[in-house]
Each structure stands twice: as structure tokens, then as C-alpha cells.
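Work through the exercises below with the model open. Each task is followed by its solution.

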Amino acid sequence: MKRLIILFGAPGSGKGLLGDMLVEKTGMKKVSTGDFFRSEVKQQTLLGKIVASRVKQGDLLSDFIVNPVIENAFSQILGDIILDGYPRTFSQFGFLKELVEREYTPLCVYVDTKIDDILSRISQRRVCEDCGTTHFASQGCCPKCGGRSLIREDDERILERINQYSTLTLPVLEERIKYWCRVVSVNGLNTKESVAQVLEELKNL
Ligand SMILES: [Zn+2]
């Protein structure tokens, strides 16, 4: 069986960073719906344009936009997968369950970060205008290419997104995932410790 890590947590909880560090440590491949769609928007593809208009309205992306992206990623990656930003709804969970059953052993990593901590974290988060690298406001400009620091567009609506997460996405963990696979809770602020915790869990998977 292949291994599947589902990173679960509020927007801004630190799950993206945790995912990147897990990729480094394990060599697993990360599939991030957020990264994928942001890159489509940036390249102004047809899909990117549709996504941009939905995001502007503050809507979650519909299954018919998101599910094929997931299905495609799973068909191209042959080994273990780290999933970031999916599933966000009950129906997406159903789709994922069907997709991975018989081939993967899932582990859900719940990045449990307090809302106050998320808000202070997000207020410091910047992206590079040119290359998209995430960094801190205190760094002044992009550490990779020196490009201009911008506030990430979806961070401007962070409260709304957290609210959406609490009403639509968190119940997927509490009412489905919890009964489907092992869930390990980690702290989003102490990424090093969280990585160690997940690596330990992987040994027993
Ligand atoms: Zn840059």
C-alpha cells in the first residue's frame, strides 16, 4: 500500500509549510490545490480565469473544477502523496475515499492552530510579485529573487475564509475523516516538532 498524508487545517494554520518540510524529509510528493490554482491564475489560463472570478466572489471552488485536478495528480504520481487543501467538503471527501481506497493507507495530520495565532501569522505573510515565493514582511523583499513583497490576495479575506473553513470544512474531519483513518494533531507554530511527530506516525502506518 502507498501512503497518503492528508494535511488538514484552517487557512493560515501553517499546513503548507509543514507539507513542504515533510516533502524534504520523506521525498513524498505534495499535491496542493492552492498552489496549483494560484499558478493557473498567474499564467492566466482559461481555468485560471474561472478560478480567479470564483475566488473574487469568495466562493469555494466547485467539485467539478477541483476533483479532476486531484484525479489527474493521483494518476501522474506513482508513489506516496501529501495532500494539502483537499478535501474541503463532504462530497470531496467521498470522491477522495473512492479514489484512494485499496491503493493507499491514509493518515490525516490535523494542524490545530488557534485563530489568534493564525491572524498574527498571516499579517506577516508576503508573496513575491515575480516568483511567488512565500516569505515574511520583515524580510523586506523576496529572499529568492529580490522581487517586491505583496500581501497574498486571499489573505486579505482571511476571516471570511476561516469562517468558511469552520462551517464547511472542519465538519468533514469531525464527522467523516476521524472515523475513516488515523488522525494526528500537531501544532502549526512549531513546525520542527510537528514534522518529527508525523515522521513517527508514518513509521507505524
Ligand atoms: Zn521572488
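Two residues are in contact if their C-beta atoms, placed from the backbone, lie within 7 Å. The model is predicted.

**Exercise 1. Find which residues of H5 meet which residues of H7, and classify them.**

Step 1. On the H5 side, take Phe90, Phe93 and Lys97. Their partners in H7 are Val172, Arg176, Ile177 and Trp180.

Step 2. Sort this contact by residue class: five are nonpolar, none is polar and two are charged.

**Exercise 2. Describe how H5 and H7 are oriented to each other.**

Step 1. Two packed helices are described by the angle between their axes and the distance between the axes.

Step 2. Helix H5 covers residues 90-100 and helix H7 covers residues 158-180. Their axes come within 10 Å and cross at roughly 15 degrees.

Step 3. Angles under 35 degrees count as roughly parallel. H5 and H7 are therefore roughly parallel to each other.

**Exercise 3. Locate Glu201 and state its contacts.**

Step 1. Glu201 lies in helix H8, residues 191-203.

Step 2. Glu201 has 16 C-beta neighbours inside 10 Å, so it counts as partly exposed.

Step 3. Leaving out residues up to four places away in sequence, Glu201 touches Leu107 and Val184. Val184 is 17 residues away along the chain, with a C-alpha separation of 7.9 Å from Glu201.

**Exercise 4. Examine the backbone at Pro87, Gln44 and Arg102.**

Step 1. The peptide bond from Tyr86 to Pro87 is cis, with omega near 0 degrees. Pro87 sits in the loop between strand E3 (81-84) and H5.

Step 2. Gln44 is not a glycine, yet its phi is positive, about 55 degrees. Gln44 is in the loop between helix H2 (33-42) and helix H3 (46-56). With 10 other C-beta atoms within 10 Å, Gln44 is exposed.

Step 3. Arg102 has a positive phi near 80 degrees. Its loop runs between H5 and strand E4 (104-111). Arg102 is exposed, with 6 other C-beta atoms within 10 Å.

Key: Residues are numbered from 1 along each chain as its sequence is written. This is a predicted model: local features need pLDDT of at least 70, side-chain atom pairs count only at pLDDT 80 or more; totals for chains, interfaces and linings use all residues. Axes are lines fitted to C-alpha atoms, for helices over the stretch in contact, and angles run from 0 to 180 degrees between N-to-C directions. Helices (H or I, at least four residues) and strands (E, at least two) are DSSP runs, numbered from the N terminus. Angles under 35 degrees count as roughly parallel, over 145 as roughly antiparallel, 65 to 115 as roughly perpendicular and the rest as oblique. Ala, Val, Leu, Ile, Met, Phe, Trp, Tyr, Cys and Pro count as nonpolar, Asp, Glu, Lys and Arg as charged, and the others, Gly among them, as polar. A residue is buried if 20 or more other C-beta atoms lie within 10 Å of its own, exposed if 12 or fewer, and partly exposed in between; C-beta atoms are placed from the backbone.
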